Structure formats: C-alpha cells, structure tokens
Amino acid sequence: MSNDLHLHSSIVALISLASGIAAKHPAMGMCQLDKLRQMGIPESQINTAIEIARHIRDEAAEKIDAAFDEKSGLGVVTEASEGCCGTSTTAKGIKKEEESCCSSTPSGQSCC
C-alpha cells in the first residue's frame with residue numbers, strides 16, 4: 001500500500017478527538033488528547049479542534065430542538081443557528097437563506 005493513503009497519526013488523533021466530542025462519546029477524547037500532547041501538537045491547535053467540534057455538536061442540537069419544536073406544535077419558538085450549507089430553519093418551519101455555507105465558532109473559526 002502506498003504511503004499517500006495513510007493520514008499522519010496526529011491528523012487521525014485530531015479527527016478522533018473532534019468526532020468524539022461532536023458525538024458526545026463517553027470517553028471524551030482523553031486518549032487522543034494525551035496522544036496529541038505527547039506528539040507535541042500545540043495546545044492552540046488542539047483547542048481549535050475542540051472548539052470546532054463543540055460548535056458542530058451544539059449546532060446539531062439546536063437544529064434538532066428547532067425541528068422538535070416545529071413538529072410538536074407546542075408553540076415554542078426557537079431558532080436554529082446559522083448552519084452549514086446555506087439554510088437554517090426556524091421552529092415555525094420557515095427556511096432562511098444564509099449568505100455563507102459555514103457558520104463560525106465564537107472565536108471566528110470556520111466549521112468548514
């Protein structure tokens with residue numbers, strides 16, 4: 001197998017850490033966090049991956065809540081955050097066109 005088919009172990013650890021956070025995995029990415037620190041990955045890069053993962057997780061939860069509110073008919077009006085890929089939906093089911101495909105984290109990091 002060619003070496004270009006494999007990701008560097010630091011990239012694999014960052015992906016695993018971020019996906020575990022976004023999926024609310026009970027192990028919380030502690031193993032990957034330790035590996036990244038042992039590899040000498042800067043804390044700023046680790047923090048960026050964590051921030052993006054949390055942003056995606058929280059955005060998904062907001063969209064699920066908005067969809068529930070819409071379908072439940074309880075009259076709760078919440079609004080999903082600006083999402084990836086151009087549209088978001090309010091609890092009343094009104095699709096809104098967004099200017100950007102990606103939303104940003106609180107520090108301005110893009111989720112795409």
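Helices and strands are taken here as DSSP runs, numbered from the N terminus, a helix having at least four residues and a strand at least two. On that basis Thr-105 falls in the segment that follows strand E2 (95-97). The model under discussion is predicted.

The chain contains 3 helices and 2 strands. Read from the N terminus, these elements follow the order α-α-α-β-β. Of the 112 residues, 26% count as buried. The accessible surface of the chain amounts to about 7500 Å², and carbon and sulfur atoms contribute 57% of that surface.

The largest nonpolar core comprises 10 residues: Ala-13, Leu-17, Ala-18, Ile-21, Leu-33, Leu-36, Ile-41, Ile-46, Ile-50 and Ala-53. At least two residues of this core come from each of helix H1 (9-22), helix H2 (30-38) and helix H3 (43-72). H1 provides the largest share, with 4 residues. One member of the core, Ala-18, is in contact with Ala-49 and Ala-53 when residues up to four places away in sequence are set aside.

Gln-32 belongs to helix H2. Its relative accessibility is 19%, and because buried means under 20%, Gln-32 is classed as buried. Beyond its neighbours within four places in sequence, Gln-32 touches Ala-13, Ser-16 and Leu-17.

Leaving out residues up to four places away in sequence, Thr-105 is in contact with Glu-51, Ile-52 and His-55. With one of these residues, Glu-51, the side chain of Thr-105 makes a polar contact of 2.9 Å.

Charged side chains remain to be described. In general, side chains of opposite charge can pair when their charged atoms come close. The structure holds 2 salt bridges. In one, the side chains of Arg-37 and Glu-43 meet with an N to O distance of 2.8 Å. Arg-37 is partly exposed, at 45% relative accessibility, and Glu-43 is likewise partly exposed, at 37%. Another salt bridge pairs Arg-57 with Asp-58, and their closest N and O atoms are 3.0 Å apart. Here Arg-57 has a relative accessible area of 23%, which places this residue in the partly exposed class. Asp-58, at 35% relative accessibility, is also partly exposed.

Note on methods: Residues numbered from 1 in each chain as written. Predicted model: local features only at pLDDT ≥ 70, side-chain atom pairs only at ≥ 80, totals over all residues. Heavy atoms only, no water. Core = buried A, V, L, I, M, F, W, Y, C linked by side-chain atoms within 4.5 Å. Buried < 20%, exposed > 50% of the residue type's maximum accessible area, 1.4 Å probe, protein only. Contact = heavy atoms within 4.5 Å. Areas by Shrake-Rupley, 256 points an atom, 1.4 Å probe, with all protein chains shown as cover. Polar contact = N/O pair within 3.5 Å; in protein donor to acceptor, adjacent residues only side chain to side chain. Salt bridge = Lys/Arg side-chain N within 4 Å of Asp/Glu carboxyl O.
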